[in-house]
Amino acid sequence: MLFNKQISNNTTQITQEIPVPTDMDGFDEFMQNIKIFCGVDLSSKREITLQRLGAFAKNKQIKTFKEIASLIRYHSETRQDLLNLITVNETYFYRELPQLKDVITYANDLPDARILCAPCSSGDEAFSLAMLASEIGMDARRLSVVGVDINSEAITQANSGIYNERNLHRLSSFQKERFFNKNGDKYEIKKQNLARCEFKIVNVFDDLIFNLGKFDIILSRNMMIYFDDAFRLKCVERLHKMLKDYGRLYTGHADLVPYTPLYEKRFSNGASFYEKR
Ligand SMILES: C[S@@+](CC[C@H](N)C(=O)[O-])C[C@H]1O[C@@H](n2cnc3c(N)ncnc32)[C@H](O)[C@@H]1O
């Protein structure tokens, strides 16, 4: 496959044919470097990753996968672009609702509650918690939610608080009206009426995450499905360090958490969670 590279100088424009990488050298190294950096295991998505990476290389005028594999390690801007490319940010408000309700019921029993959503994607989960707290009449000052995600575009959206109809498909008209201002086909969350939600670009495998402090509750839903067992274990071990004594870790229904003596699995109101031992 060929594409055109436009080289311009002050006077002329030369069209040069540059091949998209066809040499697979460096592709496995790229997948390995992604896994080492953020845990995401791309081995079951080889074909689609290859297509996307080819398009990325073409767009950025990078000639080989080997070069991309090394840029992940040494060039933070390219690394961020690649992380944005390979991560799956699917999320929506009130996803796995019984579990979110259990989180807020427990939070309301505490004098005040700090909750971490790791990952938060575009913020729907974090704002859902703040909305549920408001629905049960919990004083917004008793709750704070921090959301972290490795995808910078998702965090930009979370900070904007602006969503599409699709993100809100589980909400009733009453909930949409109560919690959002509608502007054209977009919905902007009414943050001022809710508990504080803040969002940061953080990799759960970066020790910077420990600067966020300790939490009463951590939600880590629908991220570990992209990790292998070793990274799932590493992930829950790191989150364990961020929980207060007897704090709770809630994982998604599809997240398979490997056994670790660090937690006791418990059930409450049809939801399950891992209590810090
Ligand atoms: C499918 S979304 C889940 C969002 C939300 N928790 C939910 O259940 O709706 C998975 C998110 O995990 C993020 N992610 C993947 N690896 C990560 C890592 N190492 N650190 C932080 N976030 C990560 C992705 O960027 C993506 O936004």
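**Pockets, core and loops of a predicted model**

The largest pocket of this structure has a volume of about 400 Å³. The structure is a predicted model, in which local features need pLDDT of at least 70 and side-chain atom pairs count only at pLDDT 80 or more, while totals for chains, interfaces and linings use all residues. Residues are numbered from 1 along each chain as its sequence is written, and side-chain values use heavy atoms, with hydrogens and water left out.

The search for pockets rests on a simple idea. Rolling a probe the size of a water molecule over the atoms shows where empty space is left. Here a pocket is an open set of points on a 1 Å grid over the protein atoms alone, where a 1.4 Å probe fits and protein lies on both sides within 12 Å along at least five of seven lines; lining residues have an atom within 4 Å of a point. Points are joined across faces, edges and corners, and the volume is the space filled by probe spheres set on them.

The lining of the largest pocket is made of 27 residues, and Val88, Pro119, Asp149, Asn222 and Met223 lie nearest its centre. By type, this lining has 15 nonpolar, 6 polar and 6 charged residues (Ala, Val, Leu, Ile, Met, Phe, Trp, Tyr, Cys and Pro count as nonpolar, Asp, Glu, Lys and Arg as charged, and the others, Gly among them, as polar). Domain 1 (2-86) and domain 2 (97-276) each supply at least three residues of the lining of the largest pocket; these bounds come from an automatic or database domain assignment.

Pro119 belongs to the loop between β3 (113-117) and α6, where helices (H or I, at least four residues) and strands (E, at least two) are DSSP runs numbered from the N terminus. Ser121 is placed in the loop between β3 and α6, and has a positive phi of about 50° although it is not a glycine. With a relative accessible area of 7%, Ser121 is buried (buried means under 20% relative accessible area, exposed over 50%, partly exposed in between, with a 1.4 Å probe and protein chains only). Glu96, in the loop between α4 and α5 (97-109), likewise has a positive phi, near 50°, and counts as buried at 16% relative accessibility.

The second largest pocket holds about 180 Å³ of space. Its lining includes Phe37, Arg79, Ile150 and Asp206, and the largest share, 4 residues, comes from helix α4 (residues 76-86). Both domain 1 (2-86) and domain 2 (97-276) give residues to this lining, so the second largest pocket lies between them.

The interior can be read next. In soluble globular proteins, nonpolar side chains tend to be buried together. A nonpolar core is a set of buried Ala, Val, Leu, Ile, Met, Phe, Trp, Tyr and Cys residues joined through side-chain atoms within 4.5 Å. The largest such core has 44 residues, with Phe30, Ile34, Ile68 and Leu116 making the most contacts inside it. Elements that give two or more residues to this core include α1 (27-38), α2 (46-60), β4 (143-149) and α9 (229-241). Domain 1 (2-86) and domain 2 (97-276) both contribute to this core, so the core lies between them.
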